[in-house]
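Please keep the sequence and the structure open while reading.

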Amino acid sequence: MKVSTRAWKRSGVLIAGAAVGFVGIGVCATPASAHTPTWTVTCSDVTVDLKAYSDKVTNTVTITVDGKDLLPTKEFGKEFHEELTLPEHSKEAQVRLIVKAGDGDRFSADETKTSPVCETESPAPSETPKPSDTPTPSDTPSETPKPSETPSESETPSSAAPAPETSTSPQGDLAETGSSSATPVIAGAAAAVVLAGGGILVATRKRRANG
């Protein structure tokens, strides 16, 4: 009877010790999983969600971008929620989250994530004019004259008719043929000279006879 009683006591002690061990492990594991921070990084912003922290101690959070403060060190209690806009950057930026838990360094966090470059939208191509916008051949004015606008043959002067020829040579250059218009005048003058000479001769003879 004494042996069995001792065996039962030892079994009870072992069971109690195992139960206490499981409870202790559960108590220690719960805060570790609850203190895990959740945060995301995009090309334009950072979102931070910190939950189930101890509000009996002082907890702090800090966010930097390429070594510059985006969120200066800030205290929080049980929870912390924040969405921050990242500055514009032409190359990848390094975003760092630092969380310090007041109930132990094992619950703190120091993580770094990369923020990509935001893609810019390419300009839309210029619209080409539709075929209906271009003028058709029928809309353009005709540059060639119509048949009715050309002068008729009767209205244009004939260029084939020869111009009358004008004589530029003087009449004096022509050879005398005896049929010139000055012949009667010359004959009359000669007759007058002959008559005058005859009269003078007659008068002279009369004077001599009288003398």
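## Backbone and accessibility

A52 has a relative accessibility of 35% and therefore counts as partly exposed; buried means under 20% relative accessible area, exposed over 50%, and partly exposed in between, with a 1.4 Å probe and protein chains only. The model is predicted, so local features need a pLDDT of at least 70 and side-chain atom pairs count only at pLDDT 80 or more, while totals for chains, interfaces and linings use all residues. Residues are numbered from 1 along each chain as its sequence is written, and side-chain values use heavy atoms, with hydrogens and water left out.

A52 is located in the loop between β2 and β3. Helices (H or I, at least four residues) and strands (E, at least two) are DSSP runs, numbered from the N terminus. Although A52 is not a glycine, its phi is positive, at about 60 degrees. D66 is not a glycine either, and its phi is positive at about 50 degrees.

D66 sits in the loop between β3 and β4. With a relative accessible area of 48%, D66 is partly exposed. Not counting residues up to four places away in sequence, D66 touches A93 and Q94; contact means heavy atoms within 4.5 Å. The C-alpha atoms of D66 and V95 are separated by 6.5 Å, and the two residues are 29 apart along the chain.

## Strand pairing

The protein has two helices and seven strands. Along the sequence they follow the pattern α-β-β-β-β-β-β-β-α.

Four strands make an open sheet in the order β4-β3-β6-β7, with antiparallel pairing; two strands pair if DSSP finds at least two bridges between them. β4 (68-76) and β7 (109-115) are at the edges and have a single partner strand each, so one side of each is left without a neighbour in the sheet. On average, neighbouring strands of this sheet are turned by 10 degrees against each other, direction ignored. For such angles, axes are lines fitted to C-alpha atoms, for helices over the stretch in contact, and angles run from 0 to 180 degrees between N-to-C directions.

Within this sheet, β3 (residues 59-65) and β6 (residues 93-100) run antiparallel and are joined by six bridges. T62 stands opposite I98 in β6. T60 lies in β3 and is buried, with a relative accessible area of 19%. Not counting residues up to four places away in sequence, T60 touches T73, K74, E75, F76, I98, V99 and K100.

β1 and β2 form a hairpin with three residues between them. They pair in the antiparallel sense over four bridges, and T38 has D49 in β2 as its bridge partner. β2 also pairs with β5 (residues 80-85) in the antiparallel sense, over six bridges. There, the bridge partner of V46 in β5 is L84. β2 has a covered face made of V46, V48 and L50, and an uncovered one made of D45, T47 and D49.

The pairings with stated bridge counts are as follows.

| Strand pair | Sense | Bridges |
|---|---|---|
| β3 and β6 | antiparallel | six bridges |
| β1 and β2 | antiparallel | four bridges |
| β2 and β5 | antiparallel | six bridges |

## Disulfide

How many disulfides does the structure hold? It holds one disulfide, a disulfide being a pair of cysteine sulfur atoms within 2.5 Å. The disulfide joins C43 to C118, with an S to S distance of 2.1 Å. The link of C43 and C118 is right-handed, with 100 degrees about the S-S bond. The pair links distant parts of the chain, 75 residues apart: C43 is in the loop between β1 (38-41) and β2 (45-50), and C118 is in the loop between β7 and α2 (183-210). C43 counts as partly exposed at 24% relative accessibility, and C118 counts as partly exposed at 34%.

## Confidence and totals

The average pLDDT of the protein is 73, and 54% of the residues score at least 70; pLDDT is the predictor's confidence in each residue, from 0 to 100. Over residues 18-33 the pLDDT is below 50, and this stretch has two contacts in the model beyond near neighbours in sequence.

Of the 211 residues in the protein, 15% are buried. Among contacts with a separation of 6 or more, 55% are between residues 24 or more positions apart. The accessible surface of the protein is about 17500 Å², and 58% of it belongs to carbon and sulfur atoms. Accessible areas come from the Shrake-Rupley method with a 1.4 Å probe; for residues, only the protein chains shown count as cover.
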